[in-house]
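Please find below a short note for your reading of this model. The points follow the order in which the structure may be inspected.

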Amino acid sequence: MSSWDVLIVEDDRALCEALRETLTLSGWRVATAADGVEALARLERGPVRLVISDIKMARMDGRALLENIRRRWPDLPVLLMTAYGTIEQAVEVIRAGANDYLVKPFEASVLVEQVKRYLALATHAHQEAVKSPAMRRVYELAQRVAPTDASVLILGESGSGKEVIARYLHRHSRRSRGPFVAINCAAIPEQMLEAELFGYEKGAFTGAVQATPGKFELAQGGTLLLDEISEMAPALQAKLLRVLQEREVMRLGGRRTLKLDVRILATSNRNLREEVNAGRFREDLFYRINVFPLSLPPLRERREDIPALAQTLLARHAGGKSLPQLNAAALAKLQHYHWPGNVRELENVIQRALILMTGEEIGPEALVFDDAEVPTPLPPVSDSRPARLNEGLRSMEEQIILETLKQENGSRASAARRLGISPRTLRYKLAKMREAGIALPC
Ligand SMILES: Nc1ncnc2c1ncn2[C@@H]1O[C@H](COP(=O)(O)OP(=O)(O)OP(=O)(O)O)[C@@H](O)[C@H]1O
């Protein structure tokens, strides 16, 4: 029985071939089908981890295919491709159970990113590696709260698995057949975040060339994850609170309100209570989203999880290759490291190991931690900074980060934008600085 990473369902043969080629070049095993009927036959023959399907097809269209898949393989992720101008249709199919949609024409890089994201989710969908007592406790609580409609606030350091647990909550809720929509409040500039959340009508602002639904609308009947909610600007916090209180949303520039049936999950890697005390986060909004708090311990406080996590991540990234094992010395090295980047860093280390390994198994020499990274190139050191270049560059980088944070009044999101790095990278660097004992502005 053959297994495939991606099944592409597309009746335009040239496009189908181009998509297949793009994904094959990225190292995935790709199968193709010309319509829904062929796709179902292919799914019967062997496991597939992700389906990407066109909507308009002659024999069985994308919608009917989706319905069939949801009935028989409810957890299989499906992305639908839609033509420009049919956003409303896309909203409908997301409600019908598609995980996401791609608006044609799209760049190859957009396709590759989406596939990466959904394959990662598909792999750990049912195998959250939970061995430590601390994590078992978290998952026990998650199991209890999942079937309710309560808002859950998931707290934990960057990379500790907050999104994984959010998806777990959705999967174990009565909304599991509905959409799971996530929005990262730190990654989107303030003005755009409002439009992304609430949607907009054509002409609502310059650049609003067509009516677009917001994430709330897309999550109707399902779950909306507000990732890194602490990064939301105060004005938007007030608008969000109103929507949550009134349980209805109106698109920017719109007139009609839409009654919402959406469960809210939120994450933060800061102590949100402290953010409230410091006046940066609205207390009323805090109480609204913090109905049930879940705190994820950092990886260094649950080292018992490391072997199983490493195994899961090896399976995720080994591709079609036979699954390599870590030898005892390699496992010991993983167990003793302090993991400032948590599970995400472990994932990076495993990916590197798969590239660097030479023999049959993975030894400690193939494990390179994020700490060992070559620092980001910066202007040459001109004064009498420490003689060791790496240290010099690092401390300069730290000073630039501190300076930028100060200028941005402590806002991580704005500082990351100014520095031209992702909020995630900034957070990671800040965590390392904090660990090195550097005082950071709050
Ligand atoms: N228990 C787990 N089992 C398998 N994989 C996991 C687990 N926890 C985390 N991961 C993986 O680690 C990576 C980081 O997890 P996730 O994105 O959920 O972290 P996060 O806390 O939401 O990070 P951030 O705060 O930066 O958004 C992901 O690739 C995820 O799949």
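1. Around the ligand there are 21 residues, and S158, G161, K162, E163 and V343 come nearest; a residue is near if its C-beta atom, placed from the backbone, lies within 6 Å of the molecule. This is a predicted model, in which local features need pLDDT of at least 70, side-chain atom pairs count only at pLDDT 80 or more, and totals for chains, interfaces and linings use all residues. Residues are numbered from 1 along each chain as its sequence is written.

2. At least two residues of this shell come from each of α5 (108–124), α7 (162–171), α13 (306–317) and α15 (342–356). Helices (H or I, at least four residues) and strands (E, at least two) are DSSP runs, numbered from the N terminus.

3. In helix α8 (residues 190–198), L193, E194, L197 and F198 are buried, that is, 20 or more other C-beta atoms lie within 10 Å of their own, whereas 12 or fewer make a residue exposed and counts in between make it partly exposed, with C-beta atoms placed from the backbone. Seen down the axis of α8, the buried residues fall within an arc of 105°, so they line one face of the helix; the arc is that of the directions from the helix axis to the C-beta atoms. Q191 and M192, on the other side of α8, are exposed.

4. W339 has a positive phi, near 50°, although it is not a glycine. The residue lies in the loop between α14 (328–336) and α15, and W339 is buried, with 23 other C-beta atoms within 10 Å.
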